[in-house]
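Please find below a short note for a colleague who is new to this entry.

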Amino acid sequence: GGPPRSKLRQMLPRLLEAVGPTLRLHLAVFYLFGAYRHLSDRCFGLRFLSLAERPYRGPGYQSLGVLLLLQLLAQGYASYAAARCARGADAAEAASAA
């Protein structure tokens, strides 16, 4: 099998690049809503149930979730801008070569 393997080899680096942001996104959502401690739990819909009494609830982790989301948005925009700039440079190079 040539074609399926070559496609997999082309896709693998992009899949590996997506692992980090996917895990950070999961962590941000966990900090915001407090459900699904692990990504596998989220995939299967398994929730953590605590029977402990908590009379006082501190400030929680929502602010960390917001910060993680802001970081992901900034990184996503930076990647988008870099790709757009690279495409513009490639187009300019192709136009000057013609």
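1. In which helix does leucine 15 lie? Leucine 15 belongs to helix 1 of what is a predicted model. At 47% relative accessibility, this leucine is classed as partly exposed.

2. Although 55 residues separate proline 21 from glycine 76 in sequence, their C-alpha atoms are 9.1 Å apart in space.

3. Helix 3 spans residues 62-97, a run of 36 residues. The distance from its first C-alpha to its last is 52 Å, close to the 52 Å expected at 1.5 Å a residue.

4. Within helix 3, the buried residues include Gly65, Leu68 and Leu72. As a general point, an α-helix has 3.6 residues a turn, so residues three or four places apart point the same way.

5. On the cysteines, a search of the whole structure finds zero disulfides. A disulfide is a covalent bond that joins the sulfur atoms of two cysteines. Cysteine 43 is exposed, because its relative accessible area of 60% is over the 50% cut-off. Cysteine 85 is likewise exposed, with a relative accessible area of 55%.

Methods:
Residues are numbered from 1 along each chain as its sequence is written. This is a predicted model: local features need pLDDT of at least 70, side-chain atom pairs count only at pLDDT 80 or more; totals for chains, interfaces and linings use all residues. Side-chain values use heavy atoms; hydrogens and water are left out. A disulfide is a pair of cysteine sulfur atoms within 2.5 Å. Buried means under 20% relative accessible area, exposed over 50%, partly exposed in between (1.4 Å probe, protein chains only). Helices (H or I, at least four residues) and strands (E, at least two) are DSSP runs, numbered from the N terminus. The expected span of a helix is 1.5 Å times one less than its number of residues.
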